[in-house]
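Please keep the sequence and the model in view while reading.

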Amino acid sequence: MKKVFYNKLIRDAVQEKIESKGEQCEVREVVDDQELQQELLKKVTEEAIALSRVRSREEFLSEYADLMVVLDALTALMEFSEADVQVALQENVAKKGLYK
């Protein structure tokens with residue numbers, strides 16, 4: 001049997017999805033917050049690249065949602081509240097403006 005190794009962060013439902021197809025997988029749980037933060041930051045890059053390559057509105061929404069899930073996990077891990085994020089957005093726009 002051919003083995004394929006993916007050394008990357010996956011969502012909690014991926015293992016179940018793979019096994020439901022009759023395939024096997026081995027998953028290592030990330031328990032260290034610093035490692036999780038680093039893996040989430042790598043995932044931001046991965047998802048941003050995927051978003052930059054979309055060719056349809058449907059793909060855009062799917063990839064945008066993927067990126068937002070990662071960003072939400074990262075902000076939660078770093079213990080930022082939704083209010084913290086909103087203040088940072090407002091300050092950023094006040095300082096740098098918007099894209100129009």
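Glutamine 38 belongs to helix 2. Helices are DSSP runs of H or I with at least four residues, numbered from the N terminus. From glutamine 38 to leucine 61 there are 23 residues in sequence, and their C-alpha atoms are 25 Å apart.

Leucine 41 is also part of helix 2. Its relative accessibility is 37%, and therefore leucine 41 counts as partly exposed. Leucine 41 and leucine 71 are 30 residues apart in sequence, with 8.6 Å from C-alpha to C-alpha.

## Basis of the model

The model is predicted: local features need pLDDT of at least 70, side-chain atom pairs count only at pLDDT 80 or more, and totals for chains, interfaces and linings use all residues. Residues are numbered from 1 along each chain as its sequence is written, and side-chain values use heavy atoms, with hydrogens and water left out.

## The largest pocket

The largest pocket has a volume of about 1,600 Å³. A pocket is an open set of points on a 1 Å grid over the protein atoms alone, where a 1.4 Å probe fits, with protein on both sides within 12 Å along at least five of seven lines; lining residues have an atom within 4 Å of a point. Grid points are joined across faces, edges and corners, and the volume is the space filled by probe spheres set on the points.

Which residues lie nearest the centre of the largest pocket? They are Tyr6, Lys8, Ile10, Glu26 and Val27, out of 33 lining residues. At least two lining residues come from each of helix 1 (14-20), helix 2 (33-52) and helix 3 (57-77). Helix 2 supplies the largest share, six residues. By type, the lining holds 16 nonpolar, three polar and 14 charged residues. In this count Ala, Val, Leu, Ile, Met, Phe, Trp, Tyr, Cys and Pro are nonpolar, Asp, Glu, Lys and Arg are charged, and the others, Gly among them, are polar.

## The second largest pocket

Helix 3 gives the most, with five residues. The lining of the second largest pocket divides into six nonpolar, three polar and two charged residues.

## Helix 3

The expected span is 1.5 Å times one less than the number of residues. Which residues of helix 3 are buried? They are Glu63, Leu67, Val70 and Leu74. Seen down the axis of helix 3, these buried residues fall within an arc of 55°, so they line one face of the helix. The arc is that of the directions from the helix axis to the C-beta atoms. Arg57, Glu58, Leu61 and Ala76, on the other side of helix 3, are exposed.

One aromatic pair is counted in the model. Phenylalanine 60 and tyrosine 64 form this pair, which is stacked, with 5.8 Å centre to centre and 20° between the planes. Rings of Phe, Tyr and Trp (its six-membered ring) pair if their centres lie within 6.5 Å; planes under 30 degrees apart count as stacked, over 60 as edge-to-face and the rest as tilted. Phenylalanine 60 and tyrosine 64 are four residues apart in helix 3, so about one helical turn separates them. Phenylalanine 60 is partly exposed at 38% relative accessibility, and tyrosine 64 is partly exposed at 39%.

Glutamate 79 sits in the loop between helix 3 and helix 4. Its phi is positive, about 60°, although this residue is not a glycine. At 70% relative accessibility, glutamate 79 counts as exposed.

Helix 4 has 15 residues and reaches 21 Å from its first C-alpha to its last, close to the 21 Å expected. Lysine 95 lies in helix 4 and is exposed, with a relative accessible area of 73%. Glycine 97 follows helix 4 and has a positive phi near 85°.

Key
Buried means under 20% relative accessible area, exposed over 50%, partly exposed in between (1.4 Å probe, protein chains only).
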